[in-house]
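Dear colleague,

I am passing on a structure that I would like you to look over. My notes on it follow below.

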Amino acid sequence: MSRWLAEALAVAAKDLRAEFRTRVALNSLALFALTTLAAVSYTIGPYRLAAEDRPFLLSVLLWIVIFFAALAGLDRSFVKEEESHTAPLLRLAAAPTVVWAGKLLYNLVLIFVLMAMLAPLFCVLMGFEIAMPWRFVVVLAVGGYGLAVITTIVAAIIAQAMTRGALFSVLSLPLLLPLLIIVIEGTRAVAMGDLASFSESLRAMITMAGAMTIVSAFLFPIVWRD
Amino acid sequence: MNRVGFALKWFLFVWMVVVIWAAFMWIPSAEGFKGESSRIVFFHVPTAWVATLAFLVSCIASGMYLWRREPKYDFGAAVSAGLGLLYAVLATVTGAIFAKIMWGAYWNWDPRQTSITILLLIYAAYFALRSAVADPEKRATLSAVYSILAFVTVPFLMFIVPRIYFSLHPDVMTNADPDNSLDSAHLIVLLASLAGFTGLSVWLYSVGTRIEKIRHRRRQEVL
């Protein structure tokens with residue numbers, strides 16, 4: 001078990017090192033997020049929305065920026081292995097579940113970096129007041145994890161197909177939509193201090209992320225084996 | 001098999017005619033609904049049921065393909081997903097007609113409408129994936145994986161999302177409201193219609209998989 005974890009960490013570390021050499025994925029994530037945020041903030045700003053609409057609309061906008069930025073950068077994790085023809089070597093070097101866990105960790109790091117940068121900036125620029133800040137962090141963490149799990153398995157699928165770029169969004173979005181609806185509801189709940197609704201959406205989020213984790217851990221070796 | 005199949009086909013034909021007659025002529029219009037709108041339940045519920053069933057079959061066939069690696073399971077999964085998509089569209093259309101009569105608008109992003117839209121998107125994406133992979137074996141494997149992933153999200157759409165938000169849709173799954181329950185005549189016709197639609201989709205499924213098998217054989221003859 002500890003060996004498995006060490007190997008998974010090694011795969012993630014390898015990807016992160018390669019990423020920090022070129023910063024392709026991180027740049028596209030960050031630039032997409034910042035551009036969208038600039039557009040949203042310029043048009044709406046902290047004063048444009050009526051007070052009773054704010055928690056609803058701002059949580060929708062926050063998650064739209066996060067999800068679409070994720071779609072712009074996270075498909076790289078497997079596509080780059082196929083493009084640089086390093087996938088066969090990785091197949092030889094590590095067990096399929098290790099590769100899956102490593103890639104998941106890598107995507108998770110990217111998403112958390114994005115969120116750590118974006119969420120505070122969004123709250124400041126849009127004047128988004130959160131009634132329960134620590135629970136907001138929980139929603140971000142669980143939502144980000146669900147996002148990482150789904151995009152990891154979809155990235156593995158599209159790396160095997162043609163027309164990769166377009167297919168990634170086409171395949172990810174329908175799977176992500178239920179999660180997106182639930183995390184938006186959760187964010188609205190933490191912004192308004194609605195504890196019952198927060199607990200309900202958090203449970204739904206955990207169930208969905210958990211189910212997706214188990215299913216993709218089982219299915220990934222089939223996709224990867226080629 | 002052939003003679004039995006022939007007899008079953010005619011039986012299905014007569015059965016569906018009787019169901020349609022009963023739904024429109026025999027049953028009195030239910031109270032509490034505007035005009036004759038309650039009759040649509042005999043078609044809306046069976047199409048939604050068959051759509052769910054078809055997606056379940058597609059998921060099981062995908063699992064079987066990944067286990068056994070025989071092309072026939074891939075045909076089953078693809079045909080079944082196609083049927084599910086067709087019936088889901090029919091359920092959406094009948095639901096929208098009912099919504100227009102009862103609540104005044106065809107479409108209002110009611111949670112049920114939202115969830116069926118996502119469901120349609122998911123299975124449309126399934127066919128987008130199928131068309132993007134040229135190699136038949138790889139296509140079968142990847143689409144089987146996606147189909148199982150898609151099926152895992154379905155319960156979240158059907159049960160969890162409508163629970164979080166307020167919905168106008170009558171709650172069929174957990175029928176706690178005694179005013180919403182059907183009287184026995186309605187129940188009989190509804191069950192008959194469910195059986196008829198299930199039989200119809202089984203027949204369509206067998207025709208579809210036969211077509212796929214012929215296509216597969218032709219492709220191999222060409223090669």
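Contact here means heavy atoms within 4.5 Å. The model is predicted, so that local features need pLDDT of at least 70 and side-chain atom pairs count only at pLDDT 80 or more, whereas totals for chains, interfaces and linings use all residues. Residues are numbered from 1 along each chain as its sequence is written, chains are lettered from A and ligands numbered from 1 in the order in which they are written, and side-chain values use heavy atoms, with hydrogens and water left out.

Not counting residues up to four places away in sequence, A:Ile153 touches A:Ser216, A:Leu219, A:Phe220 and B:Leu149. A:Ile153 is buried, at a relative accessible area of 1% (buried means under 20%, exposed over 50% and partly exposed in between, with a 1.4 Å probe and protein chains only). Between A:Ile153 and A:Val223 there are 70 residues in sequence, yet their C-alpha atoms are 8.7 Å apart in space.

With neighbours within four places in sequence left aside, A:Leu219 is in contact with A:Ile153, B:Leu66, B:Val145, B:Ile148 and B:Leu149. A:Leu219 is also among the residues that touch the most other members of the largest nonpolar core, which has 137 residues; such a core is a set of buried Ala, Val, Leu, Ile, Met, Phe, Trp, Tyr and Cys residues joined through side-chain atoms within 4.5 Å.

Best regards
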